[in-house]
Amino acid sequence: MNPVLESDPEVGRCDVADIRKALQEHAYLIEDDGEIHSITRRGDRLSVTCGSAEAKRWHICMIDSRTSGRLERWAYPLMENGREKSFTEQYRQRWNQPVRTRAELGRFIRGFGLEDFAVYQDCITAGQFPGERETYSMNSFIEDEIRDTTVQKKLLLRFQPGKKEAWLQRDVASFLVSEVQRLYPEYDCGGVFV
């Protein structure tokens, strides 16, 4: 899109004129060369105020916010880290008292809606992990200097591979295990595929 720019030389103000309808539907970025003082959007006008008294051409990028129409195809699946909230989670947030049942752990994991990649089966608590974990920590930048993982009980989450994207399944399971680790810091959490 190459918008036509109008200029008012007395105040160094440039208005974008040819984007009236699109301006109301989308967002815009204007390349800053250090002279821009402000950018204002009012209705169907985009005003750029700068220190220069001469007319300028601005490089404008449109951020398309269409919700319907032509859909793009993505090379990789789109995922969210948001979850559906259950009654027990709302109870935990309101009263700061977690509900610690296997059923609630399963609801917490399934609340992410990632069953296409890793299907939660069950969990096992033990003194040591029976075998090798297949997941890794996604929060390795958060160091726990107080708890000693060698003496912590282990919480092993068991997953079944999902139907989609075999190359992503370990990463999705690792994300889920990392979220459970935040929920249950008294355990050392790990995950395996069965």
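Q: Which residues do ring pairs link into a cluster with F108 and F112?
A: This is a predicted model, in which local features need pLDDT of at least 70 and side-chain atom pairs count only at pLDDT 80 or more, while totals for chains, interfaces and linings use all residues. Residues are numbered from 1 along each chain as its sequence is written, and side-chain values use heavy atoms, with hydrogens and water left out. Rings of Phe, Tyr and Trp (its six-membered ring) pair if their centres lie within 6.5 Å, and planes under 30 degrees apart count as stacked, over 60 as edge-to-face and the rest as tilted. By ring pairs, F108 and F112 are linked into a cluster with F175.

Q: How many aromatic pairs does the structure hold, and what is the angle between the planes of F108 and F112?
A: The structure holds six aromatic pairs. One of them joins F108 and F112, edge-to-face, at 5.6 Å centre to centre and with an angle between the planes of 90 degrees.

Q: Is F112 buried or exposed?
A: Buried means under 20% relative accessible area, exposed over 50%, and partly exposed in between, using a 1.4 Å probe and protein chains only. F108 has a relative accessible area of 8% and is therefore buried. F112 has a relative accessible area of 7%, so F112 is buried.

Q: Which parts does the pair of Y120 and F159 tie together?
A: The ring centres of Y120 and F159 are 6.1 Å apart and their planes stand at 70 degrees, so this pair is edge-to-face. Both Y120 and F159 are buried. Helices (H or I, at least four residues) and strands (E, at least two) are DSSP runs, numbered from the N terminus. Because Y120 lies in β7 (residues 118–126) and F159 in β8 (residues 153–161), the pair ties together parts that are 39 residues apart in sequence, namely strands β7 and β8.

Q: Which residue of helix α4 does F112 touch?
A: F112 is placed in the loop between α3 (102–110) and β7. Contact means heavy atoms within 4.5 Å, and, not counting residues up to four places away in sequence, F112 touches N81, G82, R83, F175, L176 and E179. E179, which touches F108 as well as F112 on that count, is buried at 16% relative accessibility. The place in helix α4 (residues 169–183) belongs to E179.

Q: How far apart in space are F112 and G82, C-alpha to C-alpha?
A: G82 is among the residues that F112 touches. In sequence the two are 30 residues apart, whereas from C-alpha to C-alpha F112 and G82 are separated in space by 6.3 Å.

Q: Which residue in β6 does Y28 stand opposite?
A: Strand β3 (residues 27–30) has a covered face formed by Y28 and I30, and an uncovered one formed by A27 and L29. Two strands pair if DSSP finds at least two bridges between them; four bridges join β3 to the antiparallel strand β6 (residues 60–63). Within β6, the residue opposite Y28 is M62.

Q: How many helices and strands does the protein have?
A: Along the sequence, the protein follows the pattern β-β-α-β-β-β-β-α-α-β-β-α-β. Buried residues make up 34% of its 194 residues. The protein's count is four helices and nine strands.
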